[in-house]
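The exercises below are meant to be worked with the sequence and the model side by side. Please try each task before reading its solution.

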Amino acid sequence: MTQKILITGCAGSIASNFIRRVYFDKLPYQLVGIDNLSSKHSTKNVFLNKSFKMHIGNILDKEFFGKILELEQPDIILHLAHDQWRDSDEVNFIYSIYDQLSINASIKKIIYISGNNYANDNSKETDLVTPQDYHSVGQ
């Protein structure tokens, strides 16, 4: 049975390349995306394909996010959204996912990837980095 993956931040660089890879490699997943298109590059990154469904909206809007989860019934949430969120936004989003888990039994796995502020723009891969906020420490 094909698993359905809901990808938050689907118009971001990492997510859109992941989506392309899944489709081009014909991997056995059904993909659905959510993005608010707030990044200046997001409209350039959007993957357009008749097999890919994308919802435009803010995942911090609990009502919107809940309706998308109810409509799509994903098996997996791949959380890649992050556009200069405040720490409280990140925490609120995580709580909204846990709220939905008690309602939506289809969700089997949540994969959380954050590329947030662990280094400055001039860092090299070999540089020691200083995390910029509390959830970057774990990276």
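**Exercise 1. Find the residue that caps the N-terminal end of H3, and state which atoms show it.**

Step 1. Residues are numbered from 1 along each chain as its sequence is written, and side-chain values use heavy atoms, with hydrogens and water left out.

Step 2. Gln-73 is partly exposed, because its relative accessible area is 38%; buried means under 20% relative accessible area, exposed over 50%, and partly exposed in between (1.4 Å probe, protein chains only).

**Exercise 2. Is Glu-72 buried or exposed, and which side chains make polar contacts with it?**

Step 1. Glu-72 has a relative accessible area of 3%, so it is buried. Phe-64, Phe-65, Gly-66, Ile-68 and Leu-69 are the other buried residues of H3.

Step 2. The side chain of Glu-72 makes a polar contact of 3.1 Å with that of Lys-53, and another of 2.7 Å with the side chain of His-55. A polar contact is a pair of N or O atoms within 3.5 Å; within protein, one must be able to donate a hydrogen and the other to accept it, and residues adjacent in sequence count only if both atoms are side-chain atoms.

Step 3. When residues up to four places away in sequence are not counted, Glu-72 touches Lys-4, Val-32, Lys-53 and His-55, where contact means heavy atoms within 4.5 Å.

**Exercise 3. Which residues of the largest nonpolar core touch the most other members, and which elements supply it?**

Step 1. The core has 13 residues, and Ile-5, Ile-7, Ile-19, Tyr-23, Leu-31 and Phe-52 touch the most other members. A nonpolar core is a set of buried Ala, Val, Leu, Ile, Met, Phe, Trp, Tyr and Cys residues joined through side-chain atoms within 4.5 Å.

Step 2. Strand E1 (3–8), helix H1 (13–24) and strand E4 (76–79) each supply at least two residues of this core, and the largest share, four residues, comes from H1.

Step 3. Leaving aside neighbours within four places in sequence, Ile-7 is in contact with residues including Ala-15, Phe-18, Ile-19, Leu-31 and Leu-78. A second, separate core of eleven residues includes Ile-34, Phe-64, Ile-68 and Ile-107.

**Exercise 4. How many aromatic pairs does a search of the whole structure find, and what is the geometry of the rings of Tyr-23 and Phe-52?**

Step 1. The search finds one aromatic pair. The ring centres of Tyr-23 and Phe-52 are 6.4 Å apart and the planes stand at 80 degrees, so the pair is edge-to-face. Rings of Phe, Tyr and Trp (its six-membered ring) pair if their centres lie within 6.5 Å; planes under 30 degrees apart count as stacked, over 60 as edge-to-face and the rest as tilted.

Step 2. The partners are 29 residues apart, with Tyr-23 in helix H1 and Phe-52 in the loop between helix H2 (42–45) and strand E3 (53–56).

Step 3. Tyr-23 counts as buried because its relative accessibility is 17%, and Phe-52 is buried with a relative accessible area of 9%.

**Exercise 5. Where is the pLDDT below 50, and how many contacts does that stretch have in the model?**

Step 1. The chain averages a pLDDT of 77, and 65% of the residues score at least 70; pLDDT is the predictor's confidence in each residue, from 0 to 100.

Step 2. The pLDDT is below 50 over residues 133–139, a stretch that has 21 contacts in the model beyond near neighbours in sequence. Where pLDDT is low, the predicted coordinates should not be read in detail.
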